[in-house]
Amino acid sequence: MTDTHAAPPHPQRLVVTGSGSGIGRATALLAARTGWSVAGLDLTGPERPCTRDGVRTVRCDVTDETSVEAAFAVADDLWEGMAPTAVVHCAGVYRFKPAVRTTAADWDAVLGINARGSLLVAAAAGRRMTAAPGPGSVVLLSSIGAVRGDAGEPSAAYSASKGAVVSLARQLAVEWGPDEVRCNAVLPGVIDTPMTTVTQDPDAFREVVRRIPVGRTGTAEEVARLCLFLASDAASFVNGTAVPVDGGQSAA
Ligand SMILES: NC(=O)c1ccc[n+]([C@@H]2O[C@H](COP(=O)([O-])OP(=O)(O)OC[C@H]3O[C@@H](n4cnc5c(N)ncnc54)[C@H](O)[C@@H]3O)[C@@H](O)[C@H]2O)c1
């Protein structure tokens, strides 16, 4: 099989968060295979940076400013002080809990990772990219939960956190556009990764698939391909968008 993303003419520099699993892992590996230089940040990464499968990997907690800055400093070292060309921020958590049972602590925990984490990662990227010559791109993982309610799996905190990600992407697109730094949000539907527990219950799974027009769930690599398109210069005029990758679920 051939990769649809040709290697860029000069090595481009990509930071991927959440690179330890699912969509982040697929994005980091696809990028490394197609000629990007990749730094992978994840809570499960090694304390001391090491290179695995062509990805320079290091531990990072996206909720913690000091940890995010230290992990970006590893990328700075890898690229001898050059800013990343692109950042794809996939680190996140899913929590399924009806609103009436959602406590303040539940809310803060989910928004702390999904919303605050997005700001801290994007800000670390933006500080570097807006000060550097040339274009840059930030891709933030939201969800179709940002634009649709889900009666089957009510998850108020998760959906609200992903709505915040879309708003953040739009704001950054406007703030950083003049410096040639684009920002877009990606809205996956049901993707088969360790996050998607519904795939383990055959009845619930059948019901979920029934609501997806193409009749199946997506793969992490299908999301990774969209992320890398938005990260690349091929998307040079795409800014401030929220792009679904959901087999048509949000259109149904
Ligand atoms: N899988 C889906 O169906 C789906 C649907 C819509 C949106 N998304 C979004 O896509 C993104 C990736 O999801 P996935 O399915 O690959 O999930 P996943 O659980 O497979 O991977 C998430 C990764 O994030 C990391 N992570 C969690 N908290 C972290 C923290 N505080 N700091 C650093 N890393 C942390 C985990 O260690 C893990 O490697 C998430 O933002 C998720 O909300 C996924």
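**Helices side by side**

I began with helix H3 (residues 104-131) and H4, whose axes come within 8 Å and cross at roughly 15 degrees. I noted that axes are lines fitted to C-alpha atoms, for helices over the stretch in contact, with angles running from 0 to 180 degrees between N-to-C directions. Helices here are DSSP runs (H or I, at least four residues), numbered from the N terminus. This is a predicted model, where local features need pLDDT of at least 70 and side-chain atom pairs count only at pLDDT 80 or more, while totals for chains, interfaces and linings use all residues. Residues are numbered from 1 along each chain as its sequence is written, and side-chain values use heavy atoms, with hydrogens and water left out.

Are H3 and H4 parallel or oblique to each other? They are roughly parallel, a label for angles under 35 degrees; over 145 counts as roughly antiparallel, 65 to 115 as roughly perpendicular and the rest as oblique.

Next I looked at helix H2 (residues 65-78), which packs against H3 at about 40 degrees with the axes 10 Å apart. H2 and H3 are therefore oblique to each other.

My last pair was H1 and helix H6 (residues 220-231), with an angle of about 60 degrees and axes 8 Å apart. H1 and H6 are therefore oblique too.

**Around the ligand**

Which residues come nearest to the ligand? I found Ser21, Ile23, Asp42, Tyr158 and Thr193, out of 29 around it (a heavy atom within 4 Å counts as near). By class, this shell has 14 nonpolar, twelve polar and three charged residues.

Then I checked polar contacts (here, pairs of N or O atoms within 3.5 Å). A polar side-chain atom of Lys162 is 2.8 Å from a ligand oxygen. Cys90 uses a backbone N or O atom, 3.1 Å from an oxygen of the ligand. At Val62, a polar backbone atom lies 3.0 Å from a ligand nitrogen.

On its own the ligand has 820 Å² of accessible area, and the protein covers 91% of that (Shrake-Rupley method, 1.4 Å probe). Helix H1 (22-33) and helix H4 (156-176) are the elements that give two or more residues to the shell.

Methods: A polar contact is a pair of N or O atoms within 3.5 Å; within protein, one must be able to donate a hydrogen and the other to accept it, and residues adjacent in sequence count only if both atoms are side-chain atoms. Ala, Val, Leu, Ile, Met, Phe, Trp, Tyr, Cys and Pro count as nonpolar, Asp, Glu, Lys and Arg as charged, and the others, Gly among them, as polar.
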